[in-house]
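Welcome! Open your viewer, get ready to select a few residues, and follow along from stop to stop.

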Amino acid sequence: METRSTPAVLHPRERHIVAALRDVDGANRRELAELTGLPRTTVTATVASLIARGLLTEITETEDSAVTRRAGRPSPTVRIELATKTVVAVEFGRHRQSVTLMGFDGRVLNSTDIQLDLTQSFEAIAAGLAAIAETASSAADRPSAMVVSVAMPFRRGAGAPQIPTYSSGEKPFARPRAQRPYWLLTDPSAALTEALGIPVVIENDINLAALGEAGHGAAHGAHTAVYLSVVPGFGAGIIIGGRLFRGAGGIAGELAHVSLREDGDLCVCGNRGCYTTARRDGPSLADDFATAFGRTVPLDEVIALAADGDMTVRRWLTDLGRSMAEPLAGFVTMLNPDLLVVDSALGPAAEPVVDGLRDTIERRTSPMTYHGLEILPGRLTTTAIPTGAAVLAAQGYVDRLARPEPIAPFGRRRAIREWR
Ligand SMILES: [Zn+2]
């Protein structure tokens, strides 16, 4: 068995098989021969070796009945073995911190709240995360990866953008927020990987929720899906072909900062008239309801009221969906997604938002764009982010397995020999 942090170095034909299985929900040996162009006997021997090393698994008959049955299938379906690997999903939310141990296959193994002071030094954070990984290890085998979810824009290799400061008298429209934790202003992934001995990646929370819904929720199987976050802040995560699309700078999907009025209020991001400022009542649904109801209304209560059919709350949520359609209509026309998924965390409160979005997007986009666009509520409620962490970790693991080795001197000749 390979070590956990550095996957097995695979033979080129093994990498070829893994790469062929990466984007399909299992394949049998005949299909693998077609997908890879390798002779059937080579496929059979290579699959047997990969199964023996725990890298592939054969799907049992009962599981297989859920997979599309193909008549006269000559051999059982195999897929990449993910169930035995785990990832520690750490959530640094705006209101809550938690750690969830997830199977790479998307199963929630256990979850607990944590408290880590994010204003500490990098060394203290690294020690805290190492202790979290250690605690998770005692409950299962050593985890294969850690994914840290942060509730702020985060650019791979660069870190979280600093909030601009203003020297003029004009104050940006936003509640006063703490500055970004110092250790997140550069990407600490490599240093954390070094400190913990397992791959560690930092990712934006909305991107992870989008990946979770794409891997195991409402967006499973979608071609191009856009996940829309409503709580605790407005944002979008873009999934193309099951993979996260981050954009050139890693901050694609900042729905809150689509500028709707160029002479609008100064936004905390440095722009004017952003969607989040145009709404006038803050970036958080709970805050919106505090304005509407004249008291603090926790999200759980909003969801319960919507589920009970409270007309005020449902109307308010429908209007919210209509207002979100405004910054989205042009984007939907440009991207032509087949699916919009509304915030997993809203649960039954997502339905009225979906209604509002449908209504306005239909009126604000051409029929050829609207046709074929589905708008659905998220399905994963509170587990969307850790599920996304599992999907991200599994994709990273499989990519590392399938990645060709760099060509060393004589490497090409060796590779050619191995193919014979
Ligand atoms: Zn803005």
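A residue is called buried under 20% relative accessible area, exposed over 50%, and partly exposed in between (1.4 Å probe, protein chains only). This is a predicted model, where local features need pLDDT of at least 70 and side-chain atom pairs count only at pLDDT 80 or more, while totals for chains, interfaces and linings use all residues. Residues are numbered from 1 along each chain as its sequence is written, and side-chain values use heavy atoms, leaving out hydrogens and water.

Our theme is the salt bridge: a side-chain nitrogen of Lys or Arg within 4 Å of a carboxyl oxygen of Asp or Glu. The structure holds 16 of them.

**Stop one.** Please select D355 and R358, whose closest N and O atoms are 3.9 Å apart in a salt bridge. Both sit in helix 12 (residues 350–364), three residues apart, about one turn of the helix. Helices (H or I, at least four residues) and strands (E, at least two) are DSSP runs, numbered from the N terminus. D355 is partly exposed at 37% relative accessibility, and R358 is partly exposed at 30%.

**Stop two.** Select R79 and D25, a salt bridge with its closest N and O atoms 3.1 Å apart. R79 belongs to strand 2 (residues 78–80) and D25 to the loop between helix 1 (12–22) and helix 2 (29–36), so this pair ties together parts 54 residues apart in sequence. R79 is partly exposed, at 24% relative accessibility, whereas D25 is exposed, at 51%.

**Stop three.** Finish with E203 and R246, which form a salt bridge at 2.7 Å, N to O. Is E203 buried or exposed? At 1% relative accessibility, E203 is buried.
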